[in-house]
Number of protein chains: 2
Amino acid sequence: MNNFELYNPTKLVFGEGQIAKLKDLVPQNARVIMVYGGGSIFKNGIYDQVKAALEGFSVTEFGGIEANPHYETLMKAVEVIRNEQLDFILAVGGGSVIDGAKFISAAVKFAGDPKEILHKRMSIRDNAIPFGAVLTIPATGSEMNSGSVVTIAATQEKLAFGGPAMFPVFSICDPKVIISLPKRQLQNGVIDAFTHVMEQYLTYPIDALLQDRFSESILQTLVEIGPKVVEQPENYTLASNFMWCCTMALNGLIQKGVPTDWATHMIGHELTALYGIDHARTLAIIAPNLYKVLFSAKKDKLAQYGRRVWNITGNDTDAIAREAILKTEAFFAEMGMPGNLSSQTPDYANTANIIVQRFETRGWAKLGENGIVTPDKVKEIVELSY
Amino acid sequence: MNNFELYNPTKLVFGEGQIAKLKDLVPQNARVIMVYGGGSIFKNGIYDQVKAALEGFSVTEFGGIEANPHYETLMKAVEVIRNEQLDFILAVGGGSVIDGAKFISAAVKFAGDPKEILHKRMSIRDNAIPFGAVLTIPATGSEMNSGSVVTIAATQEKLAFGGPAMFPVFSICDPKVIISLPKRQLQNGVIDAFTHVMEQYLTYPIDALLQDRFSESILQTLVEIGPKVVEQPENYTLASNFMWCCTMALNGLIQKGVPTDWATHMIGHELTALYGIDHARTLAIIAPNLYKVLFSAKKDKLAQYGRRVWNITGNDTDAIAREAILKTEAFFAEMGMPGNLSSQTPDYANTANIIVQRFETRGWAKLGENGIVTPDKVKEIVELSY
């Protein structure tokens, strides 16, 4: 097990009817900017619940934060905060809105061009505006972590940053919000959480026995409930377990003391930036092919995953590892994910070269645990994904 | 799944060599009181590591905090802090020393008789002196939770309290500290952590799928490593997994959204208060008998535990549940735990009546999830433990 630090000060308020607690969670006398996305909160009743809970507070609204939030949009919110001297951000939305709130929080008092936060992948430690969240789409874990991904639309770059000041002060997770979500978003959420766990688990064995079992616990639960929650989002047992899995998949806990990969995400981000493919769908396209290309480095962990998550029996490590990849592909297909890039865009033919070039331009010569995902491996993975 | 709030701001610093980070973790210019126990830290080198890391800090030392820390001893530390106007407590020790630091932290500025904190089981929300910890004995989880148990020696009462201000600011967990621990303390630590999980897991099913699997993950890992770590404490893989299991067993995570029991602890505390039996050993004496007496209420979860943790197969829930209790007793015996009270004290004959009377005097008429552990059940459990 590697040395680690675990610090997560977000207060998570989980369960049915918890949105009403906003009135106690938002600091008294706060001048609030409420940021949200495309307006689904007006249709599903969440806007009304939030406004009712915030009666008596000064609230300025800022809508229109898009999926894969744009730097350009977020900077408009920064201007509103500066002009109106607001001091608390309430994000009401999914991972994109919460990620957007993190960037806004970091940018308001940033000395210099806020684009540097993204291009230099800065760690924000102070001078951030406090923010809380009401989660409306379980998927990314952004409600309980300090990471964020923002897209610069002008240059088609999807870039990550974070830092200890980027934890939400609180996040409210009411599983009932999923009832009104489109099936596609629920499918995406399950696969997003599943892949988050895989990035932190499917590397090489490091004798982190408990972390492995925690990761497998989340994977087993997503396999158990994933196909059902998509069909029965009104089932509270399914909804609550789904939502809790999504948070635990990326709130930092399971990555402590273990190597992490994240190459699937880095490649997937490029597919979203280039072609606008849903984040989770890019992960589903890339992940199994990454496991195939990096088979020799990952096969021990793939076999452990096959045995424990998919109950594959036998003594042949390679065979179990290979079957585990097939099981993963079948699960992704069952969850409505595309199996390849060519089904998502007609312009796929030169994608591998474009992505490798973009990585090299940014100076990211190697990805993955121990830098095992070299540019030639990236090319091989992406081409295998066509 | 029940509604819940998860909040845990402790910064956990885990791994070999981390004690040196104290110099960055203790606030600059802090006037530190360093509290510790019986002096084992002088023999195992931890005292020297701590002092080296705190070079340049103002440090007043206060030793002699006993196992099951005494109110009377802790109040002497409170006097030192008040007299010398100290403002940061560093606990260097196991759960007793850290629990003691929590009481000291709460008592220094408490308006009124600090005994009330214990007798009224108060929730401490503010006015506490900040404190951090260097853990020397993995067992209680006190390094990352907000609970504490203190004994009033004069009245032989062992009483719990806590509150959101009772989280350590930081805790350093270096698995190497276990090398010098007596075998008995390692055995106790494994069983303490194991029983902590059982208290939060072995109740009734509530469809908290992920929490159940997290609990089972800790139990499986303790079963896997428990007997080995006692024999090979110098094995870092065993030591680090053991230490991490102990923290995760009682840092609040696995109890979120589920019912909890804690009747084994409440009864066990009385055995320690009455006869001075090690905390973990009281739990091992009581727990299996509590499962037997409350079999009908707990058998569904006992069977799940039997299947998943002990790999018992079959379709007969009752039979699996019964075998799971036997497996638990065998594991406790393998870990050197006593099987009954009469092996620990000659004065056991009237214990059941004494404990029931003490509970009733304090107004605790019922214990356990949903209050299922009534006084007659307590009597039956304790008598079965003779």
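User: Which domains does the domain assignment give for chain A?

Analyst: Domain bounds come from an automatic or database domain assignment. Here chain A has domain 1 (11-176) and domain 2 (182-384). This is a predicted model, where local features need pLDDT of at least 70 and side-chain atom pairs count only at pLDDT 80 or more, while totals for chains, interfaces and linings use all residues. Residues are numbered from 1 along each chain as its sequence is written, chains are lettered from A and ligands numbered from 1 in the order in which they are written, and side-chain values use heavy atoms, leaving out hydrogens and water.

User: How many residues does each domain of chain A bring to the contact?

Analyst: Contact means heavy atoms within 4.5 Å. The centres of the two domains of chain A, taken over C-alpha atoms, are 26 Å apart. Domain 1 brings 25 residues to the contact and domain 2 brings 24.

User: What area is buried between domain 1 and domain 2 of chain A?

Analyst: The size of an interface is often given as the accessible area lost when the parts come together. Buried area is that loss with a 1.4 Å probe, summed over both parts. For these domains of chain A it is about 2100 Å², with 62% from carbon and sulfur atoms. Pro138(A), Gln156(A) and Lys158(A) supply 28% of the area that domain 1 buries against domain 2, more than any other three residues.

User: Which side chains meet in a salt bridge?

Analyst: A salt bridge is a side-chain nitrogen of Lys or Arg within 4 Å of a carboxyl oxygen of Asp or Glu. The rule finds 1 across this interface. Glu157(A) and Arg362(A) meet in a salt bridge at 3.9 Å, N to O.

Conventions: Buried area is the accessible area (1.4 Å probe) that two parts lose on being put together, summed over both.
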